[in-house]
Amino acid sequence: MASISPTPGSAEPQGQDKSLGELLSVVTSDLQNLFRQEVELAKAEIREEAGKAGKAAGMYGGAGFAGYMVLLFLSLAALFGLANVVDEAWAALIVMAIWAVVAAVLYQKGRTRMRTVAPKPEQTVETLKENAEWARHPTK
């Protein structure tokens, strides 16, 4: 296979020979594209986690409202029922203790759900680490 030599006075490389400046330009462009893609991935992950957090917060709100309504009506019913057996003040304290336990259980369930939300975009962090490793050792 014969090698093609550049014509005299020609400043442009021919064939597959590229200057260092052109290679750096290609690498810079690739890195910019990679960075943009990583930012888009991070945005997508954050949107997904925000959706999970919103659902968990909705459950907190729903549990709070349901607990309030139940507390209101069942407390009155229990209070009036217990008032036939014990003094009204003791009946009110008993009903209050029952609802304190219910509130603790609802809080614990909401807290457990909220802990499943990951605020850090794990996949993006992992790929950024891989990219940094590749940048240090591109031939591996």
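The questions and answers below go through a predicted model of one protein chain.

Me: How many helices and how many strands are there in the chain?
Reply: Read along the sequence, this predicted chain follows the pattern α-α-α. The helices include α1 at residues 20-83 and α2 at residues 88-114, together with α3 at residues 122-136. The count for the chain is therefore, by DSSP runs, three helices and zero strands.

Me: Which element of the chain has the lowest mean pLDDT?
Reply: Over the whole chain the mean pLDDT is 82, and 86% of the residues reach 70 or more. Where pLDDT is low, predicted coordinates should not be read in detail. Among the elements, α2 has the highest mean value, 89, whereas the lowest, 80, belongs to helix α3.

Me: Which residues does the UniProt annotation "transmembrane region" cover, and what is the helix content of each span?
Reply: The annotation comes from an unreviewed UniProt entry, and it covers residues 57-83 and 89-107. In the model, the end C-alpha atoms of residues 57-83 lie 37 Å apart, while those of residues 89-107 are 27 Å apart. The helix content is 100% for residues 57-83, and for residues 89-107 it is likewise 100%.

Me: Which salt bridges does a search of the whole structure find?
Reply: Side chains of opposite charge can pair when their charged atoms come close. The search finds two salt bridges, and in one of them the closest N and O atoms of Glu40 and Lys43 are 3.7 Å apart. In the other, the closest N and O atoms are 3.4 Å apart, and the residues are Lys52 and Glu49.

Me: Where do Glu40 and Lys43 lie, and are they buried or exposed, or in between?
Reply: Both residues lie in helix α1, three residues apart, which is about one turn of the helix. Glu40 has a relative accessible area of 45%, and Lys43 has a relative accessibility of 41%.

Me: Why does Glu49 count as buried, whereas Lys52 counts as partly exposed?
Reply: The two residues are three positions apart in helix α1, separated by about one helical turn. Glu49 touches Thr116, Val117 and Ala118, leaving aside residues up to four places away in sequence. Because buried means under 20% relative accessible area, Glu49 counts as buried at 15%, while Lys52 is partly exposed at 39%.

Me: Which residues form the nonpolar patch on the surface, and how much accessible area do they have together?
Reply: The patch is made of Val85, Val86, Trp90, Leu93, Ile94, Met96, Ile98, Val102 and Leu106. One of these residues, Val86, is placed in the loop between α1 and α2, and it is partly exposed, with a relative accessible area of 31%. Together the residues of the patch have an accessible area of about 810 Å².

Me: What share of the residues of the chain count as buried?
Reply: The accessible surface of the chain comes to about 11,200 Å², and carbon and sulfur atoms hold 66% of that surface. Among contacts with a separation of 6 or more, 68% come from residues 24 or more positions apart. Of the 140 residues of the chain, the share that count as buried is 11%.

Note on methods. Residues are numbered from 1 along each chain as its sequence is written. Side-chain values use heavy atoms; hydrogens and water are left out. Patches are made of residues with over 30% relative accessible area and no salt bridge: like charges are joined within 9 Å, nonpolar side chains (Val, Leu, Ile, Met, Phe, Trp, Tyr) within 5 Å. Accessible areas come from the Shrake-Rupley method with a 1.4 Å probe; for residues, only the protein chains shown count as cover. A salt bridge is a side-chain nitrogen of Lys or Arg within 4 Å of a carboxyl oxygen of Asp or Glu. Helices (H or I, at least four residues) and strands (E, at least two) are DSSP runs, numbered from the N terminus. Buried means under 20% relative accessible area, exposed over 50%, partly exposed in between (1.4 Å probe, protein chains only). Contact means heavy atoms within 4.5 Å. UniProt positions are given in the numbering used here, feature names are shortened, and annotations may be inferred rather than shown by experiment. pLDDT is the predictor's confidence in each residue, from 0 to 100.
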